[in-house]
Amino acid sequence: MSISDCEYGNNTPKNHNYSLHSLPMAENYGKRTIFDDRLSNMPEHVDAKWVPLLSLINLRSISKVKLVSLLLCITVTFLITASYILTWDKKGLLLTPLPYQLRPMGVPTSATEAAAAAQVSSERNLINMKRLVKIISSKLEYTPRKVPDEKDITDSDSHLFSVIPRQFLPGVKSPCWYEKFSSKLSTDPYRRNLFTLRSKSFKNVCDQLRANFHKHLYHRDGRELRLRCLPYFYIIGQPKCGTTDLFHRLLLHPEVKFNTMKEPHWWTRKRFGYIRFKDGFQEIFPVEDYLDLFDLAAHNIQKGISGNSSGEHNTLQLVTGEASASTMWDNQVWSYLHQGKEEAEPSFLAQDFIHAVQPSAKILIMLRDPVERLYSDYLYFKMANKSAEDFHQKVIESVQLFQSCLSERSLRSCVYNTSLSNTMPVRLNLGMYSVFLLDWLTVFQRDQILVLRLEDYAANLKVTIKKVFDFLSVGPLLEQVEAALTKRPMSNTRRAADRNLGPMLPATRSLLREFHQPFNHKLASVLDNSAFLWSNT
């Protein structure tokens, strides 16, 4: 529907072109009477003395009509005003205009005017923000999700659980096992791997592995067996929180270095056939393709099992990992797979499947001040006309949409709501860390999850990275390796053009800080660490 279709009244075009002769002219004013046309039609025999009386009767009739119309308009206006007041009081929708009202009416002519307008906008919404924060705080006190039965999880993806066994090899640190090597793959085991079509670096790795592939097969009882491994650890989020830099620094450790792809996004997207949800269904990436990503580590572990390892470190202690920053929060696929079903919240989460196949997995989470994370996220995506003022407007719109959702749904439902996520112009929900963390804690133990702050990582890299190595139970680094690790330039930093845009507006920061306050308090409480309040950033 076009904007014109939404206009008040019917769509019949009206003629607003008046001729000069049809307009009342000053020179004729007072010369015509409103009753001329009526008097002209009167019979000639009517006495002239009745003319004033008839005029008075007509005047009184018209006055009554006008009076009734006025009273009717006042009544309707009163009813409409009362209905809006009652709606606001019930649902708290003061911040929620209609969709076509979200855009500003005018464009500021300067950055100063824009900042002033943003400040005024923030002040106007201050009382409403306080109300919204109270609503969020109350809705954060909810009952933990009900974890689905293991049978329901396995039945939902029978092939996945037919490929991955329930037990892994003893004496090998990574979760590995042997599978019978199929003769169908003898010529090229990576020929059909879909990851090779989308990653040039992984294709190059496969070319190297293919050359000596058969040397790494294990022979037992006349059979050829292939060593398969899952990741030992998962860096699950969040986006724009330093996960890329952490992953690449971990690769400098001798026990972690045999990893090939940072973000396969398999658990959340590709195993269901999606790469980017906006592009629709593409092609399902089978679990076998995902396991191929860890073949480089598996081949080196196999050397240790075969007793022909020449490295200084025990290859049986090698660990594999991946760092898909979507794993912590992205469960949008459930809405695409269950279209038409009345499900307010996802039935299964990515962690349900990871835990089912690998209950002892190590989970790493890197977070940062959600206010700064959102601005960094906004700058990361390439779009036209990026500015602090544009970011402010998008934040206002996103907060409005989220509040509107809260008036009808639970907090978790709004956080995981795909339609809302796709509608919000900035990814506001990704900063609601406590909701995601609590869901991960429904399946994994607290000591299996290490939560870090980017601010600590940047301020004291050496201490933070040691904490990660201790969590993964990998050996200490040689002095020269440690020096190379700490001196390595930061990865995935902000582009120069984005840096030139400067910081966000103070009004935006203030609004976001207030919005995220209840989520941060919940997070700090769950982790028993006040640093996650981000009160000093």
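**Figure 1. Aromatic pairs across the model.** A search of the whole structure finds 24 aromatic pairs. Rings of Phe, Tyr and Trp (its six-membered ring) pair if their centres lie within 6.5 Å. This is a predicted model: local features need pLDDT of at least 70, side-chain atom pairs count only at pLDDT 80 or more, and totals for chains, interfaces and linings use all residues. Residues are numbered from 1 along each chain as its sequence is written, and side-chain values use heavy atoms, with hydrogens and water left out.

**Figure 2. Tyr178 and Tyr218 form a stacked pair.** Their centres lie 4.9 Å apart, with 20° between the planes (stacked: planes under 30 degrees apart). Tyr178 belongs to strand β1 (residues 176–180) and Tyr218 to strand β2 (residues 218–220), 40 residues apart. Strands are DSSP runs of E, at least two residues, and helices are runs of H or I, at least four, numbered from the N terminus. Tyr218 is partly exposed, at 28% relative accessible area (partly exposed: between buried, under 20%, and exposed, over 50%; 1.4 Å probe, protein chains only).

**Figure 3. Phe195 and Phe285 pair edge-to-face.** The ring centres are 4.9 Å apart and the planes meet at 70° (edge-to-face: over 60 degrees). Phe195 lies in the loop between β1 and α7 (200–211). Phe285 lies in the loop between α8 (243–250) and α9 (287–292), 90 residues apart from Phe195. Both Phe195 and Phe285 are buried.

Figure 4. Ring pairs join Trp266, Trp267, Tyr290 and Phe294 into a cluster. The charged end of Arg271 sits over the Trp266 ring, 5.8 Å from its centre. The charged end of Arg271 also sits over the Phe353 ring, 4.2 Å from its centre. A charge sits over a ring if NZ of Lys or CZ of Arg is within 6 Å of the ring centre and within 35 degrees of the ring normal.
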